[in-house]
Amino acid sequence: MAFAALSDQARLWQLSAQWMWRKASGWIHAGPFARFSVSGPTPDRLLIAPQDIRTSDPTLAAEYYAGRFAFLGQTVECGGRSPFEIAPPSEDWARVLHGFGWLRHLRASERTLSQTNARALVDDWLRVVTRKDLVAWNTDVVSRRLLSWLAQSPLILENCDRVFYRRFMRAIARHVTFLRRNIDLTRPGMPRMRIAIALAAASVSIDGWPRFMRHCARRLDDELAAQILPDGGHISRNPAAIVEILADILPVRQALNARGSAPSQTLMNAIDRMMPMLRFFRHGDGTFGHFNGMGPTPSDLVATVLAHDDARGAPANNAAHSGYQRCAAGRTLVLADTGPPPPADVSGHAHAGCLSFEMSSGTNLIIVNCGVPARASDEWIRVARSSAAHSLAVLNDTSSCRFLSSASLTRLFGRPIVAGPHHVPVTRHDGDEGAISVSASHDGYLRRFGTIYERDFQLSADGATLVGIDRFRGEGRSSRRNDDKYTIRFHLHPDIRASRIQGGTGVLLACTDGEAWAFSAHSGEPGDPEAVALETIIEESVFLSGNFGLRRTEQIVIYGRIRSAPSVTWRLTRQPLAPPHPRHGDETPELPL
């Protein structure tokens with residue numbers, strides 16, 4: 001416990017030291033001579049345009065031409081003015097606008113009018129936006145804008161005059177110089193990775209900068225080595241990070257091959273490790289497990305990325321470095337979070353979900369975590385990161401992790417995890433006949449409540465039965481403290497209908513295709529003759545990662561106290577097929593007579 005306290009203090013000291021170093025470096029870079037290095041040498045031309053593999057919608061081109069810009073559910077009518085001259089409805093909306101990722105929709109329309117409009121919008125940005133715009137010159141936004149401009153340069157530059165061409169190339173040089181100066185001042189993790197990828201893409205695209213290309217390739221290799229774990233996961237433990245990195249790095253690999261420059265072995269190995277991890281996190285319906293910041297799955301982008309996978313390697317079952325387990329048998333898939341929080345400086349989006357799990361059967365998502373909304377307030381984000389938003393046990397209504405909450409500090413560091421599980425031992429056994437068992441525990445409640453939380457999963461060989469055991473083991477506690485209460489939650493996907501059975505001690509879970517599962521729970525270990533059936537309560541919940549916003553759903557909840565029931569065994573069993581029921585929101589309404 002004393003060691004854990006020191007580790008928590010070390011996280012805060014580490015964050016403070018890193019922030020002070022970045023701040024001091026920023027002052028040095030922003031000194032009296034900094035203005036002489038704002039722009040590097042202007043390149044003469046672009047040789048190649050890295051491909052943007054994200055899905056495009058050509059119908060949006062007409063909307064942009066009409067002056068309607070809709071991002072993140074918010075629409076701005078420009079009324080004949082430049083969108084860069086209008087006050088944005090939110091900072092997130094402005095980040096999307098200044099990132100220029102929407103240019104791909106104009107290119108997809110393949111109309112001369114769209115090409116002219118795209119060049120006019122870029123020209124507006126060059127004319128209107130200054131370095132005083134903090135959102136436009138946020139390093140993450142600059143990285144995204146540079147990638148977009150390079151990818152859409154054929155659309156922007158075709159048939160343009162020489163004056164605009166030179167202005168555009170000077171802007172490219174200014175972006176490159178800005179990112180080179182700020183990459184070491186940017187927080188580790190995805191923000192720094194995006195800068196490295198953007199610089200690598202620029203170095204491949206620009207003619208006559210061979211030395212710069214070698215430097216950027218080495219820097220990208222350094223970031224990949226630091227952030228991509230041996231099993232292919234990202235250091236932040238967020239599955240969405242893998243999709244984003246691959247979507248940006250695959251075009252860089254293609255551009256290198258097109259220029260006759262072989263990609264580095266580090267880059268190739270990183271791609272080969274990440275591709276199977278995409279399949280690791282996928283349920284039968286194609287959606288990703290909702291762990292550590294994963295929101296709605298960009299299914300079209302995932303499919304496009306997987307189409308670039310030449311090896312098509314099968315996913316591993318034990319992603320020990322990333323801290324996840326995958327148990328697949330028959331039609332059933334169980335994904336479990338069995339890892340401690342990521343390092344503090346990359347934990348700004350990580351969740352208190354250690355030992356949570358998701359279960360699917362075929363294309364039916366059954367047990368889920370609440371996930372993260374695509375766009376939400378800070379309050380919803382805090383709810384999504386709490387332990388209660390995950391399918392696991394919670395002690396005394398307290399999350400297993402503690403997030404930075406001081407208003408003065410969150411302005412500097414965001415909301416990283418400053419305390420949580422440190423020791424998460426995991427054992428796995430894959431039986432000869434196909435049965436799978438996984439046992440894990442964490443000490444996230446040890447310091448506050450003197451309790452170790454343990455969870456076992458046992459999936460039968462045919463995938464028809466999943467047995468779980470939750471244990472609460474006290475260490476160095478008095479009997480009085482052993483009366484702590486726990487809540488075990490099983491959040492259901494919105495397409496699942498739950499109904500009480502067995503006199504209120506069981507729950508029947510009905511899927512839309514007629515498949516059904518029975519849930520039951522009892523105190524004690526499996527086979528305990530003194531076991532008592534526990535009451536299972538159906539309560540309201542919310543699924544945050546819906547493609548069209550938040551969706552109402554339900555959760556199975558078991559309440560107990562450690563003194564009376566220090567272990568709980570729960571079971572999910574597939575039932576014979578029943579007639580299918582309509583999905584939530586698809587019911588035919590009753591008409592008044």
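1. A helix is here a DSSP run of at least four residues, numbered from the N terminus. In this predicted model, Ala 201 belongs to helix α9, which covers residues 190–205. Ala 201 has a relative accessible area of 1%, and because buried means under 20%, this residue counts as buried.

2. Turning to the strands, eight of them form an open sheet with antiparallel pairing, in the order β11-β12-β13-β14-β21-β18-β17-β16. Its edge strands, β11 (426–430) and β16 (497–501), each pair on one side only. Within the sheet, β12 (residues 436–442) and β13 (residues 451–459) are joined by seven bridges, and Ser 441 has Glu 454 in β13 as its bridge partner.

3. Among the 29 aromatic pairs counted, Phe 490 and Trp 570 form one that is edge-to-face, with 5.0 Å from centre to centre and 70 degrees between the planes. This pair links distant parts of the chain, since Phe 490 lies in strand β15 and Trp 570 in strand β21, 80 residues apart. Phe 490 is buried at 0% relative accessibility, and Trp 570 is likewise buried at 0%.

4. Charged groups also meet rings: the charged end of Arg 145 sits over the ring of Trp 137, 5.4 Å from its centre, while that of Arg 237 sits over the ring of Tyr 324, 4.5 Å from its centre.

Technical notes. Residues numbered from 1 in each chain as written. Predicted model: local features only at pLDDT ≥ 70, side-chain atom pairs only at ≥ 80, totals over all residues. Heavy atoms only, no water. Helix = DSSP H or I, 4+ residues; strand = E, 2+ residues; numbered from the N terminus. Buried < 20%, exposed > 50% of the residue type's maximum accessible area, 1.4 Å probe, protein only. Pairing = 2+ DSSP bridges. Phe/Tyr/Trp six-rings, centres within 6.5 Å; stacked < 30°, edge-to-face > 60°. Lys NZ or Arg CZ within 6 Å of the ring centre and 35° of its normal.
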